[in-house]
Amino acid sequence: MSRTSNSIFGPMMMVGLTFALGALAAYREPEGMIAFLIAAFFLPVAWTFIEIAKRKEERNERFYENQASIRWSISAAGFLMAVPLAFTLVISFGITEALGDDLEKRIMGVLLGIIFLLYGNAAPKRPIALQDAGCSPQRMQAQARFAGRMFVLTGLAYTLIWALAPISWALPVAMGVLLAGTVIVMASAVRLHRSRK
């Protein structure tokens with residue numbers, strides 16, 4: 001019981017924060033109400049369905065590994081949704097008006113890069129259900145570490161591009177770096193998956 005109660009606080013906090021930010025953004029920005037309400041309700045509804053579906057499973061070590069992995073993923077998704085929602089609210093309250101459009105774009109780009117960097121740092125530490133992996137735990141951990149390093153480097157490059165590059169080409173270059181990093185991680189994961197067959 002302690003394993004479950006210890007791991008539930010983080011996802012509950014992130015789901016609650018995302019819901020509150022999404023609801024407030026929907027109130028502040030009526031033209032985007034549907035998108036913000038979807039953002040507000042998506043994680044609570046998805047997590048509820050997942051927890052209900054898993055209630056019938058046998059409570060063994062694999063169950064707790066899977067549960068910890070799902071809850072970590074919910075926390076990460078909540079964080080990834082909360083930051084843009086919070087920045088949207090900052091803009092809607094007019095706090096960034098004095099900065100000008102260019103600086104506003106730079107701040108948003110830097111924030112997204114930092115999110116990738118933080119995710120890359122945290123991802124290898126998340127629980128992995130190794131019993132269903134189909135390959136050695138060492139290879140799974142090596143893949144997780146490789147993906148984490150790639151996301152850290154991608155996030156760092158994305159952040160630096162938005163902070164230092166001319167604004168006219170910051171977006172295409174940053175998106176190219178982001179796409180390249182994601183493709184490299186996906187290709188590595190596909191190679192690992194094929195090696196398990």
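Select R71 and E51 to begin, and you will find their side chains meeting in a salt bridge, 3.1 Å from N to O, where the term stands for a side-chain nitrogen of Lys or Arg within 4 Å of a carboxyl oxygen of Asp or Glu. R71 lies in helix α3 (residues 61-92) and E51 in helix α2 (residues 33-54), so the pair ties together parts that are 20 residues apart in sequence; helices here are DSSP runs of H or I with at least four residues, numbered from the N terminus. By this rule the count comes to 1 salt bridge. This is a predicted model, in which local features need pLDDT of at least 70 and side-chain atom pairs count only at pLDDT 80 or more, while totals for chains, interfaces and linings use all residues. Residues are numbered from 1 along each chain as its sequence is written, and side-chain values use heavy atoms, with hydrogens and water left out.

Now colour the two partners by accessibility: R71 is buried at a relative accessible area of 3%, whereas E51 is partly exposed at 22% (buried means under 20%, exposed over 50%, partly exposed in between, with a 1.4 Å probe and protein chains only).

F41 itself is partly exposed, with a relative accessible area of 43%.

Methods: Helices (H or I, at least four residues) and strands (E, at least two) are DSSP runs, numbered from the N terminus.
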